[in-house]
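Here's a quick briefing to keep beside the viewer.

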Amino acid sequence: MSESVADPKRTKGGGANIVRYRGVIKRYGAFQALGGVELDVHAGEVVCLIGPSGSGKSTLLRCTNGLESIEGGEVEFEGAVLPRDERALRKVRQRMGMVFQNFELFPHLTALENVAEGPRTVLRLGTEDANRRATAMLAKVGLSDKGASYPSALSGGQQQRVAIARALAMEPDVMLFDEPTSALDPETIGEVLNVMKKLADEGMTMVVVTHEMQFARRVGDWVAVFDAGRIVEQGPPEQIFDAPLTDRTRDFLSHLGWTG
Amino acid sequence: MDFNFAVITDHWRFLVGGVGVTLLLAVLSGVTSLAAGLVIALLRLYGPRWLRPVVIFYIDSMRAIPVLVVLVWTFFALPIVAGITMPPFYAALLGLTVHLAAYAAEIVRAGIESIRPGQTRAAVALGMSPAQVLRRILLPQAIVRMLPAFGSLLSVTIKDTAIASVIAVTEFMRQSETVAGQSFQPIEVYTFAMLVYFLILFPVTRGVEHVYRRVAHLGRS
Amino acid sequence: MTFDWSVVWQHREALAIGTATTVLLTVATMLIAVPCGIIVAVARLYAWAPVRAAATAYVELFRNLPLILVVYWAFYVLPIMTGLGLSPLATGLAALALNVTAYNAETFRAGINSIRRGQVEAAMALGMSRAQALRRVVVPQALRRILPVFASTWVSLFKDTSLVSVIAVSELAYVAMQIRAQTYRVLEMLTAMAAIYWLLGYPQAKLVDWIQRKYAVTE
């Protein structure tokens, strides 16, 4: 069921399809984690994936850059089906940025070295160019003065911002966020969400798995609600949060104590 | 009971020569067993599947057989089987390497496996190849994590060189035995030997602990 | 070069006795080194300063000496220090016990220390005395962490018994090497010696693995 005509409610649906999920199926042994996911992500859109834990949101994200392989359906990136060959996949990954729940900064490198690592080792830029890019990215996330610090000396929020800078340094066409604020203290969540909003305002295409409903409501352009490996409802934030069409969505939101 | 430590000063050069051999044997065995252990561990983790049980068998066998037995077999039996002659020092070096590499391999494996899988995922997400992930992200962290265990292995290596005295390597233990036997003053000689070994070993363990404390945060992800 | 493996079978009785002596030495050493290790560990943790210092000095000394040297030293010094004429077996046992007690003391101490202080505080908040808290809350948890390391020490001890062969104690290594000297069957006897150690040691190593898997501590 593909949308040949852009949904009129989809404000940014006119842009090119950056990512398309076509009937994506993912199994772990006998357990079906994704049961046929259909979703488009257009250029410049912020697509938020919400839903209960274990409903497949993070799994879909990991299938997007090939960290997990799929058993059925297709993932398309910029018009081409995601390759199965590792070498080709690596090239594709260079055009996607991923931010993890546990930051996963490399502890043996300083913040600057972390951000420069991708450009240096993968893009094979010279050290000077890589460092220049890294400095610019650190400035973008507001951490210019922390370049020489090791991750162990940074707060959670700072570490996550460095992780975002590290992904941005590859100049990706899409940013994938896997519950970026779930492991943060409440005080530091704000600084990370602000950076993400800034990115969105600048027109970055983003797929965000999140529990931060306020963020999805205010910054998201399109929201998909997951349950048991399927999307039960997708639409603009106003629909999902103010006037949901399905009971599953209503249940989920009420469980979160969402009062709008 | 009356002690005469002149026996030590009389044979000073002989004994110090022994210390030199001890340290040389320890350092060489340390380096070779580390290199071999690294290769073996990487083969076990990333090599062909059929090689795995072979490596595991080798490692577990070295955990079962005493160093003394390995050294004696290498010096006396291996020449018969291989038709070569081997001077005691090289037999000791070979025997110690074969024995210690098993322990080194386990330390390397544990170090790499102790790193969170998220680190690999993050590196792969940037587009790194498996070789790059290993070289730039996993090994640097693993080396830091392995430091305490390697310090302890170094200490064991130095102690094991003393067993090489049994196959006539002229390291410090052997030289001490010779002096003790000829002078009929074993108490003074062996007490002195204990002092020397302690003065070598104690700083090694303390030194490694000190270095580890300062770099531990580089391995914590 | 011909090999005569029957020499191993011919001397099977002597080898069996040697093996039994090895096992006996291992068990006897542990029977001494466990209680003594507990005493030294407790001394390091709870005794008053001079005793604590002495216990620490003892542990640090014996963990930083090659065992083979301790064996020789015990052989020459102990008879003079204690005034007793000790058999080689007893001397070997004493050297092994001195060595393993130090390692056990460190294992026990580290195990007890690894239990968070909050556990003792929580127990005492319930009204337990410190001794009760130790017995009912700390020791059971500490045992889980101690057991894998202790099992590892046991296997090391089993292998280290070979070192008392240098003072002519008739355990497996000494017996095998004596037979070699008498029969000139070098390859056969040395390989048999290695094989017997392997047969006994391999299952022990696997058992240690099992124990470590079963009692692995995840925070």
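**Rings and charges**

In chain C, C:R12 lies over the face of C:W9, 4.3 Å from the ring centre. Bear in mind while reading that this is a predicted model. Chains B and C come up a lot below, and of the two pairs of chains in contact, they share the most contacts.

- There's a charge over a ring between chains too: the charged end of C:R180 sits over the ring of B:F76, at 4.5 Å from its centre.
- Searching the whole structure turns up 14 aromatic pairs over all chains.
- One of those is C:F158 with C:Y197, an edge-to-face pair at 6.0 Å centre to centre and 70° between the planes. The 70° counts as edge-to-face because the planes are over 60 degrees apart.
- That pair links distant parts of the chain, 39 residues apart: C:F158 belongs to helix α7 (residues 130-160) of chain C, and C:Y197 to helix α9 (residues 186-214) of chain C.
- Over in chain B, one aromatic cluster is formed by B:W12, B:F172, B:F192 and B:Y197.

**Helix packing**

Two packed helices are described by the angle between their axes and the distance between the axes.

- In chain C, α7(C) and α9(C) pack at about 170°, with axes 9 Å apart.
- On the α7(C) side, the contact is made by C:R144, C:L147, C:P148, C:A151, C:S152, C:W154, C:V155 and C:F158. The α9(C) side brings residues including C:Y197, C:L200, C:G201, C:Q204 and C:A205. So both members of the edge-to-face pair, C:F158 and C:Y197, turn up in this helix contact.
- In chain A, the axes of helix α5 (residues 156-168) and helix α6 (residues 186-201) come within 8 Å and cross at roughly 20°. That makes α5(A) roughly parallel to α6(A).
- The crossing of α5(A) and α6(A) is right-handed.
- α5(A) contributes A:G157, A:Q158, A:Q160, A:R161, A:I164 and A:L168 to the contact, and α6(A) contributes A:T188, A:E191, A:V192, A:V195, A:M196 and A:L199.

Most residues other than glycine have a negative phi. Which alanines here have a positive one?

- A:A228 has a positive phi of about 50°. A:A228 is in the loop between β9 (222-227) and β10 (230-235) of chain A, and at 60% relative accessibility it counts as exposed.
- C:A168 has a positive phi of about 65°. You'll find C:A168 in the loop between α7 and α8 (172-183) of chain C; it is partly exposed, with a relative accessible area of 36%.

**A threonine in chain C**

- C:T21 is in helix α2 (residues 12-46) of chain C. Is C:T21 buried or exposed? At 15% relative accessibility, C:T21 counts as buried.
- Leaving aside neighbours within four places in sequence, C:T21 is in contact with C:L89, C:S170 and C:E171.

**Between chains**

- No contact joins chain A and chain C; their closest C-alpha atoms lie 17 Å apart.

Technical notes: Residues numbered from 1 in each chain as written. Chains lettered and ligands numbered in written order. Predicted model: local features only at pLDDT ≥ 70, side-chain atom pairs only at ≥ 80, totals over all residues. Heavy atoms only, no water. Phe/Tyr/Trp six-rings, centres within 6.5 Å; stacked < 30°, edge-to-face > 60°. Helix = DSSP H or I, 4+ residues; strand = E, 2+ residues; numbered from the N terminus. Lys NZ or Arg CZ within 6 Å of the ring centre and 35° of its normal. Axes fitted to C-alpha atoms, helices over the stretch in contact; angles between N-to-C directions. Parallel < 35°, antiparallel > 145°, perpendicular 65-115°, else oblique. Left-handed = near helix turned anticlockwise from the far one by under 90°. Contact = heavy atoms within 4.5 Å. Buried < 20%, exposed > 50% of the residue type's maximum accessible area, 1.4 Å probe, protein only.
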